[in-house]
Amino acid sequence: MILLHPNHLQPDYPDERSAEVMRKTVEFFETKGLQRIRDDDQAAVWYQDFIDFLKSERIFATMCTPADYGGDDTRWDTWRNAEFGEILGFYGLPYWYVWQVTVLGLGPIWMSDNEAVKQRAADLLDDGGIFAFGLSEKEHGADLYSTGMALTPTGDGTYVANGSKYYIGNGNDAAIVSTFAKMTDTGEYCFFATDSQHPNYRLVKNVVHSQNYVAEYALDDYPVTDADILSRGEAAWNAALNTVNIGKYNLGWASIGLCTHAFYEAIHHAAHRHLYGMTVTDFSHVKRLFTDAYARLVAMKLVALRASDYMRSATRDDRRYLLYNPVVKMKVTTQGEDVINHLWDVIAAKGFEKDMFFEMASRDIRALPKLEGTVHVNIALIVKFMKNYFFVPADLPEVGQRNDDANDSFLFDQGPTKGLGTIQFHDYAPIFERFDLPNVKVFSEQAEVFKTMLATQPPTEAQSKDTDWLLAVGEIFTLVVYAQLVLENAEIYGIERDLVDEIFDVAVRDMSEFAVEMHGKAATTPEQGEYCMAMIRKPVQDDARYKRVWEDHVYAQRDTYKMPE
Ligand SMILES: Cc1cc2nc3c(=O)[nH]c(=O)nc-3n(C[C@H](O)[C@H](O)[C@H](O)COP(=O)(O)OP(=O)(O)OC[C@H]3O[C@@H](n4cnc5c(N)ncnc54)[C@H](O)[C@@H]3O)c2cc1C
């Protein structure tokens, strides 16, 4: 089975320690139980119990220390990070978040040339430390150009930092906060290591009410020396963007984990609820909602897993991950919202109950599309790749499944962030041709119409500057890339043909919806509008397939998992 099941974790790690990390993490939550998870959530309790567990089991040391800086068990391994992130999301977004901001905080450190801070970070991880990423500011969010945090030389070779940061997770307790600033003398950007317990580090407040501490902090004449500086100038700029390249991938796994747990809960409830002499799961619309939710969830997982293969195989000459990662960030997380919406339409009042995991999931699923760059920011990024993706495919090495125990060292050596428009991709058409399935065929035809529209009625200059219009185009393009990644991994995992066709039944309907949206845009020309109309297609109906998917895949999950109270 492709969905995470706490009692059947994926067994194929090359080393025992990786499997142990996953097993012990699951054990921690299963022992804590749903009731205490819910109580802590409702009382917004800081998750010290979880941090203590991570420390006693050296989990962040194993998972977050690159191979060169730690013991035998340490490496940065996106394959195992994926399952770890999924498990944390499965038990609650707060637990995932403490890891996520640690990953972000470590990014500028592992990307730095400052060997002393790197060694210190490794020691702190070994000692159970958590980390933070101080990028966003209150007035200008993630607009790095407007960074107000200032680092001023004092004249004796040292500096003082002044300014504040906002929305900084773990900012109350992080062993190191990687703080992004501007030098007041040269105007250069820089990252420096900050100690959250220093007297000149002022913790202003938690800006959210939750188990997370999402800090506003201020630095008041905070003393900094060269020994604290992680990077300057272009290197600091690149470290900011390259860290987000790594971190944004994890958001997909939080969504997948939340949705998987919510799915088990919802189908269990519906399959045991009887109304008007029938079971809720007998209603045709309920079957459709669950089947769509399941198809979307499997697709989310296939895409996120496949993106990991490209991330792990990336080089300076093969930067395909720079398209696939924002697709995971933007599309997997918004699909997560769709999954929860479908499930909630079924379980209705039950989804509000304070004892359900669902109540947490339905609230927290909304966060993922908005963090680390909004959906808009990521679509704006994705459309930069559209021309080369469709019209200038390259002969690039085929990337297989990357479940080996490599240390993903390239991620901390990604280099310049410029030149996105020059990145090339392999031709997406062959993978669609290899799947002789009715709905894959319909979807390919829709994609072909879109491509023809781009070739014959390309965006006008005004359209290219109209973000609202570009977002509509970007949704369609993203869906094509998403479908490609689904198929590549469906082939690798040998996903049953019925299920793949069901996933594409959903994709055909989604594509039609996006075409209507684009058709309705004021800026769309009548000629482009005609192509939009031609993209509206009906999926190929196959009652027998639908029934098999329902019985063998969807309804089959009704009693699969229930979290201990
Ligand atoms: C719970 C939580 C935890 C967080 N943790 C951290 C953290 O640990 N460290 C950290 O540094 N930050 C953190 N953040 C900040 C988070 O990354 C930003 O909130 C997020 O990037 C969105 O920025 P914003 O909310 O300031 O939106 P704004 O930048 O104010 O954007 C406003 C609107 O403009 C749009 N927009 C902005 N720029 C563009 C663009 N280039 N193209 C198209 N549209 C655009 C946006 O989509 C949005 O609709 C956190 C935020 C929250 C809520």
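At what angle do H7 and helix H10 pack, and how far apart are their axes? In this predicted model, H7 and H10 (residues 357-364) meet at an angle of about 140 degrees, and their axes are 9 Å apart. Angles over 145 degrees would count as roughly antiparallel; H7 is therefore oblique to H10. The crossing of the two helices is left-handed. On the H7 side the contact is made by Leu258, His261, Ala262 and Glu265, and on the H10 side by Phe357, Phe358, Ala361 and Asp364.

H10 also packs against helix H9, which spans residues 321-347. Here the axes come within 11 Å and cross at roughly 140 degrees, so that H9, too, is oblique to H10. The crossing of H9 and H10 is left-handed. Ile340, Leu343, Trp344 and Ile347 of H9 make this contact with Phe358, Ala361 and Ser362 of H10.

Histidine 269 is placed in helix H7. Its relative accessibility is 17%, and because buried means under 20%, histidine 269 counts as buried. When neighbours within four places in sequence are left aside, histidine 269 is in contact with Ile347 and Lys350.

The largest nonpolar core has 177 residues. Within this core, the residues with the most contacts are Phe50, Trp110, Phe290, Leu323, Phe450, Phe477 and Phe504. Helix H7 (residues 233-271) supplies the largest share of the core, 19 residues. Phenylalanine 504, with neighbours within four places in sequence set aside, is in contact with Phe432, Asn439, Val440, Phe443, Ala483, Val486 and Leu487. Another core, of 18 residues, lies apart from the largest one and includes Tyr159, Ile168, Ala174 and Val177.

Tyr159 and Ile168 of this other core fall within strand E3, residues 159-169. E3 runs antiparallel to strand E2 (residues 150-153), to which it is joined by four bridges. Proline 153 stands opposite tyrosine 159 in this pairing. The hairpin of E2 and E3 has five residues between the strands, and in it glycine 155 takes a positive phi near 105 degrees. E3 also pairs with strand E7 (residues 214-224), in the antiparallel sense and over eight bridges. In that pairing, leucine 219 of E7 is the bridge partner of glycine 163.

Positive phi values are also found in residues other than glycine. Arginine 58 has a phi near 55 degrees and is placed in the loop between helix H2 (48-56) and helix H3 (59-64). With a relative accessible area of 27%, arginine 58 is partly exposed. Glutamate 372 has a positive phi of about 50 degrees. Glutamate 372 lies in the loop between H10 and helix H11 (375-382).

Conventions:
Residues are numbered from 1 along each chain as its sequence is written. This is a predicted model: local features need pLDDT of at least 70, side-chain atom pairs count only at pLDDT 80 or more; totals for chains, interfaces and linings use all residues. Side-chain values use heavy atoms; hydrogens and water are left out. Two strands pair if DSSP finds at least two bridges between them. A nonpolar core is a set of buried Ala, Val, Leu, Ile, Met, Phe, Trp, Tyr and Cys residues joined through side-chain atoms within 4.5 Å. Buried means under 20% relative accessible area, exposed over 50%, partly exposed in between (1.4 Å probe, protein chains only). Contact means heavy atoms within 4.5 Å. Axes are lines fitted to C-alpha atoms, for helices over the stretch in contact, and angles run from 0 to 180 degrees between N-to-C directions. Angles under 35 degrees count as roughly parallel, over 145 as roughly antiparallel, 65 to 115 as roughly perpendicular and the rest as oblique. A crossing is left-handed if the near helix is turned anticlockwise from the far one by less than a right angle, and right-handed if clockwise.
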